[in-house]
Amino acid sequence: MAQVEKKAGLLRRSSTPKKPLTEKVVLMYDEIFAVEDPAKDKPRFWEELFLMKANLEYLEAKLESLDGDEVTKIQDNINRLFHHCVRTLSEEHQIKVVNALQTLCALFRGVHQKNKPSSGFDIINMLMGFDKAEARMKDLMESLDALLCGDGSESLKGLCLRMLLCLVTVTDNISQNTLLEYVMINSIFEAILQVLSGTPSRPQHGYDAVVLLALLVNYRKYESVNPYIVKLSIVDDEPTLNGLGMVISQALTEYNRQYKDKEEENQGGFFSAFTNMVGNMFIADAEEKISVQTNEAILLALYEAVHLNRNFIAVLVQASLRGPFPFFLMNSAELPLDPNLQTSNLLITFLKYSSIVMQDTKGKRDPAELPDQYANAFLHDDNMNFKVNLHRMPMRHRKKPVDRNSPSRPLVCAVLDLMVEFIVSHMMKDFPMDLYMRCIQVVHKLICYQKKCRVRLSYTWRELWSALINLLKFLLSNETTLLSKHNIFQLALLVVNLFNMFITYGDSFLPTPSSYDALYYEIVRMHQVFDNLYCMVLRVSTNTGQWKEPASKVTQALVNVRAIINHFNPKIESYAAVNHISQLSEDQVLEVVRSNYDTLTLKLQDGLDQFERYSEQPKEVAFFKDLVRSISLNVRRNVSLSALSQDVLLKEFSSIA
């Protein structure tokens, strides 16, 4: 009986599940989180640690789980771990270098997550100790620089860049990341540029390098001298600038391609078209928008390159070919003479991208800078003509745009097309006032350049005039709603002064005398809009209130427009009466206009070609701070620790001992 019980007991014990084995690396992490020095009785502890695959999730979670007192007790061991990570980076054993880089990522993130309310100095002390921080970070940055510039593995270079992105984005506001002071002192700018200019590295790591550069440029940019800003502003190496342009262009091109693919999916043949038509009968106000996530980091990089480096303007308009050719050709002489090949450039790609993203602005804006004199010269160069097919928003009051082969024109025509498209497609209840102001200012600056340099641009100006008049009409129709949120008189003044530019200086930049005649025809034809605008601003300016002064400025600006209307309208009516015509044709109205110029008196208005030059500070500071914060959060989400634990890397180095 006793034997049976003994057997049963043995059976019961053997049937219990076995406790899962704990990874050795986890056991070693637990030793680090003890108070004692883990290498005290194990001289090979650190060497063995980095030979094992890092368990980033466990390490980061362990750091986050500690309370304040526990962290203080093990601070010396965390300092030791950081020190040995940095020291391992200079070793030749590639697997150890990989594990050290990944461990550093977990350390940076874990310590910051645990100490969000703490000051940056507390975090520095916890990671490496105040007294050794400068030396440790110098060694770290020098090792990363050597790895990025060396002839080693491309996968290892990619890991270095991701570790740096990890380091930069541990805080939402990168300007509060005290560790970046050491990245400023020990610059890796040249290493980033080498990645961008090198053919093997750029295709694999160019994107990460560009995002890293954009973030570093924005570290405390308004409070102190940022060496990355200074260095980026003086780069003149052509392969490097072209490399930067290529990475940005490829990212924007990929966005455009994804949008086009989704657009084609949505079209889907006869049945899809029929069901959409039926659906639209019942959902009259619903506009289906094709959504593809925008890339804020790439836009910020493009902005900083254009804003800081004058040499980059040439990269914007430098020709490239679509097809099995090098992405950028150094000069136009190298372009093949085949007329069927379509040339493109970064600016065209950006304009197409802009025409897509502006379809769903929701009041948001992407970084953009108004063109300066140097950029204007490229935009208006008649020897640099391109075909640019922009996306047009589907709207109920106009026919669906058909794919059309637009003619080759100077790039400024595409910019104007984009501005016109924005004007006509964003007159909505949630009115994007800030974007409209910028849009009109872009047009104004372009016209100021044309007036100054007497550039007679062959452009369909009528489309612009019509869009501007419809915008004024929209402001009038929604006066009460809009005035509760916006100073619409400021926008109306910009629009009226654009017309004043054409009236006063049009003879110096409009392509032909008939274009000038067409301007007067449009003003007279749409005189009711200008009359209503005058009545509205006169009413507001004669009453006391917050809009009195801005409304009176519009009243004064309308003097020449009203003079044209009051001069030509009686003449047109008289012509119709004498010739017994109830409705005059366009040619007949133009005949009246041409024959009565000599008796028209206009007032010379000063300052029409003056504009406020673009300055990022102070007006744009809040926008860029929010943008950089958004990018930092997004990068931190996407450069996940699990993504860094790549078996591919270990396989690649498995033969290296």
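A residue is called buried when its relative accessible area is under 20%, exposed when over 50%, and partly exposed in between, with a 1.4 Å probe and protein chains only.

**View 1. The whole chain of the predicted model.** Of the 657 residues of the chain, 51% are buried. The chain has 33 helices and four strands, where helices (H or I, at least four residues) and strands (E, at least two) are DSSP runs numbered from the N terminus. Among contacts (heavy atoms within 4.5 Å) with a separation of 6 or more, 78% join residues 24 or more positions apart.

**View 2. Helix H21, residues 411–425.** In H21, 14 of the 15 residues are buried. The end C-alpha atoms lie 21 Å apart, which agrees with the 21 Å that 15 residues should span at 1.5 Å a residue, the expected span being 1.5 Å times one less than the number of residues.

**View 3. Helix H22 (residues 433–453) against helix H23 (residues 461–477).** The two axes, which are lines fitted to C-alpha atoms over the stretch in contact, with angles from 0 to 180 degrees between N-to-C directions, come within 13 Å and cross at roughly 145°. From H22, Tyr-436, Ile-440, Val-443, Ile-447 and Gln-450 meet Trp-461, Leu-464, Leu-468 and Leu-471 of H23. The residues of this contact comprise eight nonpolar, one polar and no charged, counting Ala, Val, Leu, Ile, Met, Phe, Trp, Tyr, Cys and Pro as nonpolar, Asp, Glu, Lys and Arg as charged, and the others, Gly among them, as polar.

**Notes.** Residues are numbered from 1 along each chain as its sequence is written, and side-chain values use heavy atoms, with hydrogens and water left out. In this predicted model, local features need pLDDT of at least 70 and side-chain atom pairs count only at pLDDT 80 or more, whereas totals for chains, interfaces and linings use all residues.
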